[in-house]
Amino acid sequence: MADSALLSLRDVKVFFPITSGLLINRTVGWIRAVNGVSFDLAEGETLGLVGESGCGKSTTAKAILQLNRPTAGDIHFEGKNLAALRGEPLRIIYRKLQVIYQDPYASLNPRMTVGQIVGEAITCFGLMRGAELRKRVGELLETVGLDPRYINRYPHEFSGGQRQRIGIARALAVNPAIIICDEPVSALDVSIQAQVVNLLRDLQKRLGLSYLFISHDLRVVELISHKVAVMYLGKIVEMGLSDRIANKASHPYTHILWSSLLEKQSKETAQKAKSVQAGRWGVFDFERPTAGCRFVPRCPVYESNGKPTLCTDPATEPQLKDIGGAHQVACHFPL
């Protein structure tokens, strides 16, 4: 655990049982949704966690919040191991760990007013009530760019972007240290996405917040993040500073993800992307991933190197290694 880390994960694993049987279920295998994830998040920092759907990003977030209890590993927040906490000690921690959810239409209770939604956590922690609470809610609405007079309105009276601002106000209500942003702009129009991202960046500067920003949109992640961790089938395959991951991706998977999103490329970059993507984009089995490197069935570099056994040997599974510039990659043949 780094001395400056506010949140630290070490070898975190979350396995879900595969059961079989009509009357008596028995465990016949495990889905290794998160399989040995480690990273640090410092105060005032944003870590972008990216990867395609099903790679384990949201499961990692739920493990941090103890909504999915880790099968193994340690999660330390402000020096406390969250995996060892239960009951009231864990509830107190939740005041400093808040969430902004993906869908602003589903994450707000349609039967509650904006005032009730934003003020709910304040009430639950017994921080204030009455006129003081109402004033605080109004201040929070102003902070996220909404009129305090909206306090008695219901979620259906707002647009998607406004609803997400309400969700942000709710997350800010109890002065958290870390906000987990789980795909917070993916359900919004592109123009609204930029507004929400700018709001989050402004709030971070003003309040000293730390973000774990989960997304599959690498352009948004590059814009808001200081560091980026790339996940593939439950493991982090590359991690480093945002601009370095965007411009000098070393893992074939990261390079393919980023190249697929670039609209304007130089001739040299375009040629490099073409050569890397020349291989077969094969299928994979999440329940029974390939031994060794999990990306092998889809990796063009593995194909172009003559399918070396080094990549499929369980004894030589690639681990994150430092390649300089605070950049780590888990690949035997980094680009």
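**Strand pairing, turns and surface in a predicted model**

Strands β1 and β2 form a hairpin with five residues between them, and G21 in this turn has a positive phi of about 125°. This is a predicted model, in which local features need pLDDT of at least 70, side-chain atom pairs count only at pLDDT 80 or more, and totals for chains, interfaces and linings use all residues. Residues are numbered from 1 along each chain as its sequence is written, and side-chain values use heavy atoms, with hydrogens and water left out. Strands are DSSP runs of E with at least two residues and helices are runs of H or I with at least four, both numbered from the N terminus. Two strands are said to pair if DSSP finds at least two bridges between them.

The pairing of β1 with β2 is antiparallel and extends over 13 bridges. Within it, L9 stands opposite F39 of β2. Strand β1 is also joined to β4, by five bridges in the antiparallel sense; here S8 has H76 as its bridge partner in β4.

The loop between β1 (5-20) and β2 (26-42) contains L22. L22 is exposed, with a relative accessible area of 88%; exposed means over 50%, buried under 20%, and partly exposed in between, with a 1.4 Å probe and protein chains only. Together with L23 and I24, L22 forms a nonpolar patch on the surface with about 480 Å² of accessible area. Such a patch joins nonpolar side chains (Val, Leu, Ile, Met, Phe, Trp, Tyr) within 5 Å, from residues with over 30% relative accessible area and no salt bridge, a salt bridge being a side-chain nitrogen of Lys or Arg within 4 Å of a carboxyl oxygen of Asp or Glu.

A contrasting setting is found in strand β10 (residues 235-241). Six of its seven residues are buried, so β10 is largely enclosed by the rest of the structure. Six bridges join β10 to β9 (residues 227-232) in an antiparallel arrangement, and A229 has M239 of β10 as its bridge partner. Two bridges connect β10 to β12 (residues 328-329), again antiparallel, with E238 opposite V329.

Backbone angles deserve a final remark. Most residues other than glycine have a negative phi. In the hairpin of β9 and β10, however, L233 takes a positive phi near 50°. E78 also has a positive phi, near 50°; E78 lies in the loop between β4 (72-77) and β5 (80-81) and is partly exposed, at 40% relative accessible area.

Notes. Patch = residues over 30% accessible without salt bridge, like charges linked within 9 Å, V, L, I, M, F, W, Y side chains within 5 Å. Areas by Shrake-Rupley, 256 points an atom, 1.4 Å probe, with all protein chains shown as cover.
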